[in-house]
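Have the model open while you read.

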Amino acid sequence: MSNEEFRAALSRLAAGVVLVTAQEPPLDEGGRGEDVGMTATAFMSVSLDPPLVMVSLRNDSRMDDLLAEQPLWAVSVLSESQRHIAGRFAMKGRISDRLLFEDIPYVRGEVTGAPLAGGTLATLECRTEQRVVAGDHTLVIGRVLSAHVPSGEGGPLTYFRGKYRQLG
């Protein structure tokens with residue numbers, strides 16, 4: 001089986017789209033670290049008791065490196081109207097994350113300090129419980145420390161056959 005055949009087969013599985021965020025530790029005592037974000041479609045619930053979720057990160061990516069040292073991170077479940085956010089944080093060879101957050105409304109998580117995008121279907125703040133290397137990715141399992149459903153409006157943003165889609 002080729003990589004292309006494998007990728008084509010799995011592209012037939014619809015996935016929800018989330019924005020995973022964290023804050024780098026500050027460089028100096030009084031400073032604030034840079035915000036980092038990435039789009040993910042490999043995100044899922046793992047357990048209700050205790051509340052655990054999992055995200056899959058490409059090995060040696062900026063987020064993988066950051067979450068190896070920063071245990072606190074957050075997830076914003078994107079709505080169908082937030083395709084632009086998903087595309088922005090999925091770009092390869094992109095500009096600095098600081099500029100990516102510039103015109104996106106967000107608040108800081110009370111527990112993690114990570115950015116939580118505004119207008120999302122749900123937000124979660126997490127602490128890493130376990131990291132499992134699996135092939136060319138690392139599975140990061142996080143305990144959910146807070147969960148909020150800020151809006152009941154709109155449908156989820158999904159990813160299917162290589163494109164962002166809406167249900168319906």
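Arg161 counts as partly exposed because its relative accessibility is 45%, where partly exposed sits between buried (under 20% relative accessible area) and exposed (over 50%), using a 1.4 Å probe and protein chains only. A quick word on the source: this is a predicted model, where local features need pLDDT of at least 70, side-chain atom pairs count only at pLDDT 80 or more, and totals for chains, interfaces and linings use all residues. Residues are numbered from 1 along each chain as its sequence is written, and side-chain values use heavy atoms, with hydrogens and water left out.

Most residues other than glycine have a negative phi, and most peptide bonds are trans.

| Residue | Phi | Relative accessibility |
|---|---|---|
| Asp60 | about 65° | 64%, exposed |
| Arg161 | near 55° | 45%, partly exposed |

Asp60 is in the loop between strand 5 and helix 2 (62-69), while Arg161 is in the loop between strand 11 (157-160) and strand 12 (163-166). Helices (H or I, at least four residues) and strands (E, at least two) are DSSP runs, numbered from the N terminus.

And which peptide bond is cis? That's the one from Asp49 to Pro50, with omega near 0°. Pro50 belongs to the loop between strand 4 (43-47) and strand 5 (52-58).

Now for Thr21, part of strand 2 (residues 18-23). Thr21 counts as buried because its relative accessible area is 0%. The residues Thr21 touches include Trp73, Phe101 and Pro115, a contact being heavy atoms within 4.5 Å. A polar atom of the Thr21 side chain lies 2.6 Å from the backbone oxygen of Pro115.

Definitions and conventions:
A polar contact is a pair of N or O atoms within 3.5 Å; within protein, one must be able to donate a hydrogen and the other to accept it, and residues adjacent in sequence count only if both atoms are side-chain atoms. Lists of a residue's contacts leave out its neighbours within four places in sequence.
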